[in-house]
Structures are given as C-alpha cells and as structure tokens.
Amino acid sequence: MNPVNTEPYKLPGDATWLGNAALKHITGCSSGIGRAIASLIASKPNQRIIATARNPADLSYLPEDNANILKLALDVTSVNSVNAAFAAAAKHFGESFHLDVVVNNAGYSLSGDTEGATEEEMHQEMETSFFGTVRVTTRSIEVMRQAKDRHGGLIFQISSLAGLCAFPGHAFYHAINFCIVEPSGVKTSFEGHSKAIIKPHPAYAGADMPARKLEGYVRQGLKLGMGMEPSAIAETLFKIASREERIPLRLPLGAVSWKMSKSKFQTLLEEFDAVKDVSAMGEPL
C-alpha cells in the first residue's frame, strides 16, 4: 500500500478556497464556521474564496467589488446545482481557475430516538451529509487533478466530536461524521438551524432516557454560552493549511474534543488487549 499524507503541504500564495452549503438546515458560508472561514480568507491578500450558500443574499457580508471573491448559490443535494456552481467558478476565474483548499461544511444533525426516525428523515440526512459531501469532493478532486500548473490540494471535511465519540440520539449523525476536522461545541446557530429533531418515540420519551438527558445538557450549555468561537476554528484551519507541515488526517479541535478523543482511543486499546488471545485465533501477535 502507498503511504498516505507523508509530505508537508505548502499553501500557494494565490490559493483558491471553496466553502460549501446545502439546504434549509445548512448555514454553509452564511454563518457560523463557514462565515468565519470565508471572512478570514477574504481578508488575506491574493487568496481567493468561492463562498456558497443556499441563498447567496446571505453572503452580503462579503465585499462586492473584489474579483477574488465569488459568491454562489449551492445545494449539495442537487447534482445540477453542484455542476452549475463549478461551471460558474470556472467561468469567473477563467484559465486561472484552480482549487487548492476545499472546506466541506455542509451537514446537519438528525437528533432523537433512532427508532422514531422516518424514512424521509433518514434519507435526507444521508443525502445531504454523505452524498452531498461526496459530490463536492469528487468534483473538487477533478479540478485539482486537471490544473495545468499545480496538482493536488487540501480538503477539510468538517465533522465533529461525534465522528469519534458516540452520544445518545445521534445514530445517523454518527454514521456520516468520521472525517478529518472534529470540533467539540462551537458558538454557532447549529442547534437552531443545522439540527433536525426526530419526534420522540413513545418508548423513550421519559426524562430519564439518555437522549432526553443529552438534550437537557445541550440546552444548559447554550444558556451558559459554552463553546468555541467560529473565528478560532477558521484561524486554526488556515494555520494548518499554511504552516508548511504535514496535514493531520484527524484533527480534534478544542479541549473537550481532544480529551474525549484521547480517552476513546485509550479505552479502545484496553479493549483490544482484553480480547488479544481471542482475536489472535491461534496466530502469533
């Protein structure tokens, strides 16, 4: 097998960044982490940003008179929308069009009792958070591969702590969140705009049920203003891209994410040791 990601990454001085969005639950570049990243890149000389949102009017915070800033409508659940966005970017930048950094920020949480989820809710979650990300990623790789004067690039898959550690009532969110960037709580509108709630199943509606308890913890955290600033996430991603070092394949962000992630792997190693003899099946380890 070929080794993966062994060389330092050097961010081009004229790098083009793409941030994406999806549908009614998704903020994309219109708020939260996406907005912070778009604002940061727009402030960097010679860096180019393709900022997307379901409604381009939500991108009005970005300057209108800068050729390095392109604002586009994008719904990652629509093949036609994805194709149209890439075509518009190629037309805007002309022969110099290339992609160096893609920030896949489209996704939302389907939260609640797994047994209570409808077929439509399940399929919409996967269509957006998995297949939508795949659509943008594969088109981006095509552009990176075909660039005349540069090959390759950097793709940040924005996930969450849920990509490593499981929590009650988030089965579908966990299924699509094993990616690279895994922050814990961030001060965004995620709970209000990027979370779809499953109607509680009668068998699990009690306040003592794990999913209900977690919902209470989240509400309490919101009241206390807990979480990291989106601008801090944006600064960290730019630092990772521009420090000319090897890009980490997994990046927990925030003290909570780092501690829980480390604990997860320590526990996993202990479980491996506990079943070592059984797992070997008579072979030497």
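A residue is classed as exposed when its relative accessible area is over 50%, as buried when that area is under 20%, and as partly exposed in between. In this predicted model, lysine 10 has a relative accessibility of 57% and therefore counts as exposed. The side chain of lysine 10 meets that of glutamate 244 in a salt bridge, with 2.8 Å from N to O. The pair links distant parts of the chain, 234 residues apart: lysine 10 belongs to the segment before S1, whereas glutamate 244 lies in the loop between H7 and strand S9 (251-253). Glutamate 244, at 43% relative accessibility, counts as partly exposed.

The count of salt bridges comes to 5. Side chains of opposite charge can pair when their charged atoms come close. Among the salt bridges is that of glutamate 64 with lysine 71, for which the N to O distance is 2.7 Å. Glutamate 64 has a relative accessibility of 67% and, because exposed residues are those over 50%, falls in the exposed class. A further salt bridge joins the side chains of glutamate 142 and arginine 139, at 3.2 Å from N to O. Both of these residues lie in helix H3, where 3 residues, about one turn of the helix, separate glutamate 142 from arginine 139. Glutamate 142 is partly exposed, with a relative accessible area of 30%, and arginine 139 is likewise partly exposed, with a value of 23%.

Helix H3, which spans residues 119-146, also holds valine 134. Together with Phe130 and Phe131, Val134 forms a nonpolar patch on the surface, and the accessible area of these residues together is about 250 Å². The relative accessibility of valine 134 is 34%, so this residue counts as partly exposed.

The structure holds 3 aromatic pairs. In one of them, the ring centres of tryptophan 17 and phenylalanine 238 lie 5.9 Å apart and the ring planes meet at 20 degrees, so the pair is stacked. This pair too links distant parts of the chain, with tryptophan 17 in strand S1 (residues 16-19) and phenylalanine 238 in helix H7 (residues 230-242), 221 residues apart. Tryptophan 17 counts as buried because its relative accessibility is 1%. Phenylalanine 238, with a relative accessibility of 15%, also counts as buried.

Another aromatic pair is formed by phenylalanine 93 and phenylalanine 97, whose ring centres are 6.3 Å apart. The planes of these two rings stand at 5 degrees, and the pair is therefore stacked. Phenylalanine 93 is buried, with a relative accessible area of 8%, as is phenylalanine 97, for which the corresponding value is 16%.

Charged side chains are also placed over aromatic rings. Lysine 44 lies over the face of phenylalanine 238, at 4.6 Å from the ring centre. Phenylalanine 238 thus takes part both in the stacked pair with tryptophan 17 and in the arrangement with lysine 44. Arginine 35 lies over the face of tyrosine 61, and the distance to the ring centre is 4.1 Å.

Methods
Residues are numbered from 1 along each chain as its sequence is written. This is a predicted model: local features need pLDDT of at least 70, side-chain atom pairs count only at pLDDT 80 or more; totals for chains, interfaces and linings use all residues. Side-chain values use heavy atoms; hydrogens and water are left out. Rings of Phe, Tyr and Trp (its six-membered ring) pair if their centres lie within 6.5 Å; planes under 30 degrees apart count as stacked, over 60 as edge-to-face and the rest as tilted. Helices (H or I, at least four residues) and strands (E, at least two) are DSSP runs, numbered from the N terminus. Buried means under 20% relative accessible area, exposed over 50%, partly exposed in between (1.4 Å probe, protein chains only). A charge sits over a ring if NZ of Lys or CZ of Arg is within 6 Å of the ring centre and within 35 degrees of the ring normal. Patches are made of residues with over 30% relative accessible area and no salt bridge: like charges are joined within 9 Å, nonpolar side chains (Val, Leu, Ile, Met, Phe, Trp, Tyr) within 5 Å. Accessible areas come from the Shrake-Rupley method with a 1.4 Å probe; for residues, only the protein chains shown count as cover. A salt bridge is a side-chain nitrogen of Lys or Arg within 4 Å of a carboxyl oxygen of Asp or Glu.
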